[in-house]
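Biologist: Could you take me through one part of this model up close? I'd like to see the chain around it first, then the part itself.

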Amino acid sequence: MITEERPAVPHGHVCWSYDDSAAFDDAARRYLSAGLAAGEQGWYVGPDPAEVARERLAGLPDLDGALRRGDLRIVPPWSAYPPDGLVDPVGQVRAYATATDAALAAGHTGLRVVADATGLAATPAQRDRFARYEHRVDRFMRARPFSAMCAYDRLRLGDPAVAELACLHPYTNAPGLLFRLSACGPGDDCAELAGELDPSNHELFAAALERAELRPVDGELRLCGPRLRYIDHRSLTHLARYATARGAVAVLRTSLPTASRLVELLALAGVRVEAA
Amino acid sequence: MRTGAASDHQGYFHEAVCYGSDEELLAITVPFLRDGVAAGEPTIVAFGAEHAALVRSALPAATAVEFLSGGDLYARPAAAIRAYRALLATHVARGVGQIRIIGELSPAMLGVTWDWWARYESAINHAYDEFPLWSMCAYDTRTAPPEVLTEVARTHPRYATADGRHVPSEHYVEPEVYLAENRLPVPDPLQLTPPAVELADPTAAEARRAVYAAAGGRLPLEQVEDLVVAVSETVTNAVRYGRPVVCLRVWACDDRVVVSVTDRGAGPTDPFAGLLPARDGGPGGLGLWITHQSCSHVAHYRDVDGFTIRLTAGDPHFRTDAAPRAELTASPATG
């Protein structure tokens with residue numbers, strides 16, 4: 001017997017970059033299916049008319065029953081997001097918080113959303129707002145039973161634009177993306193850096209930091225890097241400047257021996273490396 | 001106020017001591033140290049254990065001479081410059097009129113890694129010139145190879161002699177000129193074998209992975225990580241400021257990993273590149289300086305293929321005699 005191996009779809013906050021809608025549909029079904037099996041309410045948010053969306057979800061176990069019971073909802077984007085397509089990062093998280101509470105009140109264990117957000121990140125201004133929202137909602141997901149797969153059409157947006165959004169997710173299939181900046185706990189007190197930071201993504205890293213709007217706690221801007229594989233001197237220097245501009249010292253927890261060596265070599269006062 | 005032979009000198013007073021016996025070494029060293037202490041100047045010895053003991057035994061007890069471990073200080077030229085500059089700056093901040101230092105390189109450093117120590121000896125004429133420093137660099141003429149003594153003459157403005165004279169070196173070359181010369185390193189025998197990895201126009205990330213694949217398990221993790229930093233910076237510079245094709249080659253054996261990065265360009269124009277951080281924040285200068293702090297040897301040179309930086313992690317003091325070829329053959333790539 002031959003079985004087709006498909007890449008695993010992670011749970012939590014996932015960025016799905018696609019150029020093949022069939023592959024995206026498959027990933028969306030599996031993502032929602034796992035949530036439904038766990039008793040979560042599922043939302044499918046996309047630009048297609050409801051009947052098209054329903055066809056794309058065909059194959060989900062007991063699709064009709066799930067839709068009928070309200071376990072699964074097909075939601076038009078103008079209902080889940082502002083009709084003008086300009087997302088307010090704070091308001092959008094609040095909206096999903098309300099929806100999560102509603103799902104819990106209805107007896108579900110949480111809320112799980114698949115959203116094709118391509119149309120909400122098409123222009124630089126939209127993308128900037130949506131990226132800021134992405135980090136805020138990432139923190140929210142660490143605190144509340146809410147999860148989301150944010151899908152972006154890379155043929156429409158292009159890989160650099162998708163990378164701006166993908167790097168703010170803890171999980172992504174975006175090709176060539178070397179690093180990720182995500183929340184590492186429910187509070188505002190820490191963020192996680194993962195992957196590799198080098199000159200190829202320095203500008204992307206700077207933009208991600210700006211959009212994450214990390215807030216110092218007790219004069220420290222805390223980042224942990226258990227999955228950080230490489231950080232170069234430019235990124236450390238930028239991190240130091242970013243923290244200094246916020247009246248803080250960046251504290252990076254990592255087991256990378258080179259991070260502390262570089263900080264010492266460059267005498268970077270705005271960043272401190274602690275062994276993980 | 002400065003004292004002794006450097007009393008009327010501004011900046012760095014750099015001398016070589018080429019001695020042929022312990023007596024000759026002491027004849028120069030002891031008065032140099034004794035007079036420094038008498039003048040209240042910070043007076044420092046950075047010798048290996050044997051010569052440090054010799055000097056200690058020749059000095060009166062409780063002479064206020066500071067002994068530094070030459071081995072640690074002289075691990076890498078760029079690190080030595082950084083450490084010495086910090087030390088000198090501390091003394092100057094205290095308001096001292098002059099600092100005296102006498103040091104020596106270990107015999108191993110006069111071998112196949114001498115090229116970067118020769119660059120060091122030249123570069124410090126500039127790197128220490130903002131300090132009121134009088135230093136002597138000791139070379140044993142009985143053991144130092146003739147080619148080393150030739151470069152000593154070209155990198156030291158003057159000699160101190162056992163009869164108390166301070167003689168200009170007629171072969172001295174200003175560092176901007178000396179460091180701009182093309183300096184071919186001694187070929188590492190590993191380079192005569194097929195590389196474990198060879199990549200054309202790699203990204204920095206691909207280069208890092210290639211080093212991990214070839215070096216993993218052969219060297220302590222910290223040395224591998226330092227090499228990865230150096231290779232990443234070197235490839236980044238080659239891609240940004242060099243000319244394609246950039247060629248990365250990695251060789252590995254039990255005690256070292258050697259990486260060469262070649263591009264078709266001419267290399268950096270700053271003669272102090274690598275030994276000092278770029279003076280004007282110039283292109284790639286910081287990365288090359290970090291590279292020099294991260295490897296056990298760095299050589300850079302130009303040949304028909306373009307500009308090459310060769311990086312070594314692990315033991316850089318390879319044998320140059322006719323070692324059996326099989327011993328030196330690189331293992332096949334592991335990934």
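Modeller: A compact globule of 335 residues would have a radius of gyration near 20 Å, and chain B, at 21 Å, agrees with that; the radius is taken over C-alpha atoms, and the globule rule is 2.2 Å times the number of residues to the power 0.38. Bear in mind that this is a predicted model, where local features need pLDDT of at least 70, side-chain atom pairs count only at pLDDT 80 or more, and totals for chains, interfaces and linings use all residues. Residues are numbered from 1 along each chain as its sequence is written, while chains are lettered from A and ligands numbered from 1 in the order in which they are written.

Along the principal axes, the C-alpha atoms of chain B fill a box of roughly 60 × 45 × 35 Å. Chain B has eleven helices and twelve strands (DSSP runs numbered from the N terminus: helices are H or I with at least four residues, strands are E with at least two). Of its 335 residues, 49% count as buried, which takes 20 or more other C-beta atoms within 10 Å of a residue's own; 12 or fewer makes it exposed, anything in between partly exposed, with C-beta atoms placed from the backbone. Among contacts in chain B with a separation of 6 or more, 72% join residues 24 or more positions apart (a contact means C-beta atoms, placed from the backbone, within 7 Å).

Now zoom in on B:T113, in the loop between β4 (99-104) and α5 (114-127) of chain B. B:T113 counts as buried because it has 23 C-beta neighbours inside 10 Å. Setting aside neighbours within four places in sequence, B:T113 is in contact with B:H297, B:P316 and B:H317. B:Y128 sits 15 residues from B:T113 in sequence and 22 Å away in space, C-alpha to C-alpha.

Finally, look at where chain B meets chain A: 13 residues from chain B and 13 residues from chain A make the contact. On the chain B side, α8 (204-215), α9 (221-241) and α10 (285-294) each supply at least two residues, and α9(B) gives the most, with six residues. By class, that side of chain B has five nonpolar, four polar and four charged residues. Here Ala, Val, Leu, Ile, Met, Phe, Trp, Tyr, Cys and Pro count as nonpolar, Asp, Glu, Lys and Arg as charged, and the others, Gly among them, as polar.

Terms used:
Two residues are in contact if their C-beta atoms, placed from the backbone, lie within 7 Å.
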